[in-house]
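Hi,

Here is the structure I said I'd pass along.

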Amino acid sequence: MHTDVPLHVTARASGARRQQIAAGVRDSFSAGLGIFPLGIALGLLIIQAGLPWWLPPALSLAAFAGSLELLLVGMMASVTPLAAVALTVLVVNFRHVFYAFPFPLHLVKSPFAKAYAVYAMIDEA
């Protein structure tokens with residue numbers, strides 16, 4: 001397939017994209033630097049508890065709060081009843097309810113923007 005877009009336009013767009021990616025990496029580096037020690041701590045905690053190696057990535061995908069991941073390790077290691085685990089998950093994540101109160105969601109018009117706004121107002125985002 002042949003396009004009539006001049007090469008210098010394509011190169012300029014590619015350069016702008018690289019600059020945007022570099023800016024995104026720079027902006028998120030400090031957050032990643034803060035999360036890295038928590039990931040190491042979670043891995044060490046799981047190894048010390050004698051739990052399987054695949055648990056840290058599984059918890060990272062399944063648990064919505066980093067603090068909950070750390071709590072769940074102890075609960076799994078001590079074989080805590082499922083009802084207690086469920087109650088703990090509810091209590092730890094209940095703080096998200098309060099994030100919505102001051103946010104003017106009625107001012108966001110697009111459904112996609114609303115979905116992102118709801119997601120972005122929590123601390124895990």
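Below is what I found, starting with the whole chain and ending with one residue.

Keep in mind that this is a predicted model. The fold is helical: there are six helices and zero strands, so along the sequence you simply read α-α-α-α-α-α. Of the 125 residues in the chain, 16% are buried. The chain exposes about 9600 Å², and carbon and sulfur atoms supply 73% of that area. If you take the contacts with a separation of 6 or more, 43% of them join residues 24 or more positions apart.

The part I looked at in detail is the pairing of H3 (residues 66-77) with H4 (residues 82-93). Their axes come within 11 Å and cross at roughly 165°. Anything over 145 degrees counts as roughly antiparallel, so that is how H3 and H4 run relative to each other. Their crossing is right-handed.

Which residues meet there? From H3 you have Ser-67, Leu-68, Leu-71, Leu-72 and Met-75, and from H4 come Ala-84, Val-85, Thr-88, Val-89, Val-92 and Asn-93. Sorted by class, this contact has eight nonpolar residues, three polar ones and no charged ones.

One of the H4 residues is worth a click: Asn-93. Is Asn-93 buried or exposed? Its relative accessibility is 18%, and the cut-off for buried is under 20%, so Asn-93 counts as buried. Setting aside neighbours within four places in sequence, Asn-93 is in contact with Ala-65 and Leu-68. Leu-68 is also among the H3 residues that meet H4.

Cheers

Key
Residues numbered from 1 in each chain as written. Predicted model: local features only at pLDDT ≥ 70, side-chain atom pairs only at ≥ 80, totals over all residues. Heavy atoms only, no water. Axes fitted to C-alpha atoms, helices over the stretch in contact; angles between N-to-C directions. Helix = DSSP H or I, 4+ residues; strand = E, 2+ residues; numbered from the N terminus. Parallel < 35°, antiparallel > 145°, perpendicular 65-115°, else oblique. Left-handed = near helix turned anticlockwise from the far one by under 90°. Contact = heavy atoms within 4.5 Å. Nonpolar A, V, L, I, M, F, W, Y, C, P; charged D, E, K, R; others polar. Buried < 20%, exposed > 50% of the residue type's maximum accessible area, 1.4 Å probe, protein only. Areas by Shrake-Rupley, 256 points an atom, 1.4 Å probe, with all protein chains shown as cover.
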